[in-house]
Amino acid sequence: MADSKLTRSNRTGWLMSLPGFTLVALFIIVPFFFAFGLSMTNQRLVSPNPTKYVGLENYRQMLDIALVTLQPERDASGTVIRDDEGTIQYPRLRRLSRSDPAFERYKGMREWFGWQSGESHKAVVVRDPLFWIALRNTLLFVLVVAPVQGGIALGLALLVNQKLRGINAFRTIYFMPVVVSIVVVSLLWRFIYDGNDGLLNNLLDTLSFGAIPGVDWLGNPSTALGAIMAMSIWQAVGFHMVIWLSGLQTISPTLYEAADIEGASKWQAFRYVTWPGLRNTAVLVIIVITMQAFALFAQIDVMTNGGPLDSTQSLVFQAVERGYGKQDISGGSVISVVLFVLVLAISLVQRWLTRDRQN
Amino acid sequence: MISHDNHGLRLAVRYAVLVLVAIIFVFPLLFMVMSSLKPDHQLLVDTGSLRAFLPVGDISFDNYAAAFQRAPISTFVINSVIVTGVTVMLSLAICSLSAFSFVFLRWSGRNLLLSILLATLIVPFETIAIPLLLLVSKLPWLGLDGLEQGWLNSYHVQILPFAADALTIFLFVQYFKDLPSELVEAARVEGASWFQIYLKIIMPLAGPVVATAAILRFLFMYNQYLWPLMVVQSDEYRPVMVGLQYFFQLDTPWGEVMAYLSLITIPVLGFYLMLQRAFIASIASTGVKG
């Protein structure tokens, strides 16, 4: 629009945009910067003591990680001590960090995981194991859910993009779980996954004539996160199907006609017509899924509370557990900042990767 | 090329695939509703067969009655309706007005403000929830009993933080940009005020985007969980999703849980099935960003 006297109005312009802008500033921008500030204090939700600035101490507490090599215990003659089963004995890190100056830096840290390397034992030690477990689970969740959900969503989009009678009904059905709250879905699936009377176990039992033994899907550390992933994909995949679908419908039908005339197979038509036309959509779908996956919270809160054995801890769950549960606002803020940095980094990387490929 | 003799077979295969996939999406929801109608002893037996998805056996609304006994469900429903309804209305009014001024008016600072707003699109709510919790616990509020400190346990703590957001403003901006600017200029020549133009000329044309924004905001607000979980402790202001916690206890009969889940889900599903084209279109329109 031309910049004419008719449309220039500083006073009205500001007045009209101000309610919206003020609300966004107060409830999104201010807390966003607050997160950075609070993460460098010892702020609690309610506290009689004044808040103190502690610099990067909270980050040091949470992010501190190191690789430690433990030499085996030896007796006076220098032979390695083994127990009855022949397992090599190592000194406790806790004792070493108190007595040995070389290990003083690891005081208060605990082994997260470790492995054998020759005679010595390598251990990754961290100050805040719960944070690292939550970080690992969240990354795992994102790395599995983003490609799988994106892929299935594309498959569904291709499926409902066929020109068939009644196809709209199928579109409507596939999208249905999206409008159902993830909280409702989580509680429903707790019943489906139940180890005793769950629908899934009973169906598997019936279908296999009793050959498949029942699994306590959410009570078993090796299946709990996977079960939550599957359910999350089931709930949200219709959302991304719709985004793919709107991408598919921007591809000109004449391109397919041309491919048909050239005698292209279905796969070739997909590879050389459909897929190139979906590049922007692909970036969008992956970014949106990634951002949603990083926010993993309700499923955990309703289904497992982070258990069993911390196998389903997530970053947002930990942020809430600390910031709200333990009223440790600064601890929750550190996790929030870490989360934001991750989301930002990943969406920048994804943008960069896809931009590169276009050349 | 499709040869004619196996055309019918191919079509059958296509439909078979479509139906199989549909079963995966429908059956869990069907199971929820059917289970809500059955007594617990029957319910657990039924999970072993297709009866789990059928309204057979001892069908009644007893579970619903029991659920109402367990929790103040009517209060939760009223709270959800108030919070969701008011937020959607406020958000539509405030965001469309902002978008109007960004698109049709020329004023200094306009581009800067719009860029700042759009930058907030990459901030997930989960990353600001904790500092926001501290903020609202300190904010003053002028209530009926005078000045109070802290917003916790109220309707406004559930409404105001969501009364404006970048995505809704962005949707309106995109839509308004496609409207002919001559409409506005002509009205200005005739001496209409900006507010009149917004109300009488632009908003009557904004039906589609209003529907899109309303649906997105409605789904987001009605399904909110994390925020009300943290800021509302008393039943008096608790929405349905947080009221669900009454049904977390291990001794809760599954039939009752399913009754509550059905109760808070069926209205939304009904709403969706009536307006499914609009729902799907609004999700698709979030895909235009980026």
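In chain A, β2(A) and β3(A) run antiparallel to each other and share seven bridges. This comes from a predicted model, so everything below describes computed geometry. Within that pair, E111(A) sits across from V125(A) of β3(A). The hairpin that β2(A) and β3(A) make has two residues between the strands, and there G118(A) adopts a positive phi near 65°.

On to the rest of the sheet. Strand β3(A), residues 120-126, also pairs with β1(A), again in the antiparallel sense, this time over six bridges. Put together, the three strands of chain A make an open sheet ordered β1-β3-β2, with antiparallel pairing. That leaves β1 (65-70) and β2 (110-117) of chain A as the edge strands, each of them pairing on one side only. From one strand to the next, the twist averages 20°. As a general point, strands of a sheet pair through backbone hydrogen bonds, in either a parallel or an antiparallel way.

The peptide bond joining G307(A) and P308(A) is cis, with omega at about -15°. L309(A) lies in the loop between α12 and α13 of chain A too, and its phi is near 55°, a positive value for a residue other than glycine. L309(A) is exposed, because 12 other C-beta atoms lie within 10 Å and the cut-off for exposed is 12 or fewer. D310(A), placed in the loop between α12 and α13 of chain A as well, is not a glycine either, yet has a positive phi of about 60°. With 15 C-beta neighbours inside 10 Å, D310(A) comes out as partly exposed.

Helix α7 of chain A (residues 199-207) is another spot worth a look, with L199(A), L200(A), N201(A) and N202(A) buried. What do the buried residues of α7(A) pack against? They pack against α6 (182-192) of chain A together with α1 of chain B. After α7(A) comes F209(A), which has a positive phi near 55°.

Zooming out to the two chains, 80 residues of chain B are in contact with 80 residues of chain A. On the side of chain B that touches chain A, helix α1 (residues 7-35) of chain B gives the most, with 11 residues. Sorted by class, that side of chain B holds 58 nonpolar, 15 polar and seven charged residues.

Two packed helices are described by the angle between their axes and the distance between the axes. For helix α3 (residues 62-70) and helix α14 (residues 254-274) of chain B, the packing angle is about 85° and the axes are 8 Å apart. So α3(B) and α14(B) are roughly perpendicular to each other. From α3(B), the contact takes in N63(B), Y64(B), A66(B), A67(B) and R70(B), while α14(B) supplies G255(B), E256(B), M258(B), A259(B), Y260(B) and L263(B). By class, the residues of this α3(B)-α14(B) contact are seven nonpolar, two polar and two charged.

Methods: Residues are numbered from 1 along each chain as its sequence is written. Chains are lettered from A and ligands numbered from 1 in the order in which they are written. This is a predicted model: local features need pLDDT of at least 70, side-chain atom pairs count only at pLDDT 80 or more; totals for chains, interfaces and linings use all residues. Two residues are in contact if their C-beta atoms, placed from the backbone, lie within 7 Å. Helices (H or I, at least four residues) and strands (E, at least two) are DSSP runs, numbered from the N terminus. Ala, Val, Leu, Ile, Met, Phe, Trp, Tyr, Cys and Pro count as nonpolar, Asp, Glu, Lys and Arg as charged, and the others, Gly among them, as polar. Axes are lines fitted to C-alpha atoms, for helices over the stretch in contact, and angles run from 0 to 180 degrees between N-to-C directions. Angles under 35 degrees count as roughly parallel, over 145 as roughly antiparallel, 65 to 115 as roughly perpendicular and the rest as oblique. Two strands pair if DSSP finds at least two bridges between them. A residue is buried if 20 or more other C-beta atoms lie within 10 Å of its own, exposed if 12 or fewer, and partly exposed in between; C-beta atoms are placed from the backbone.
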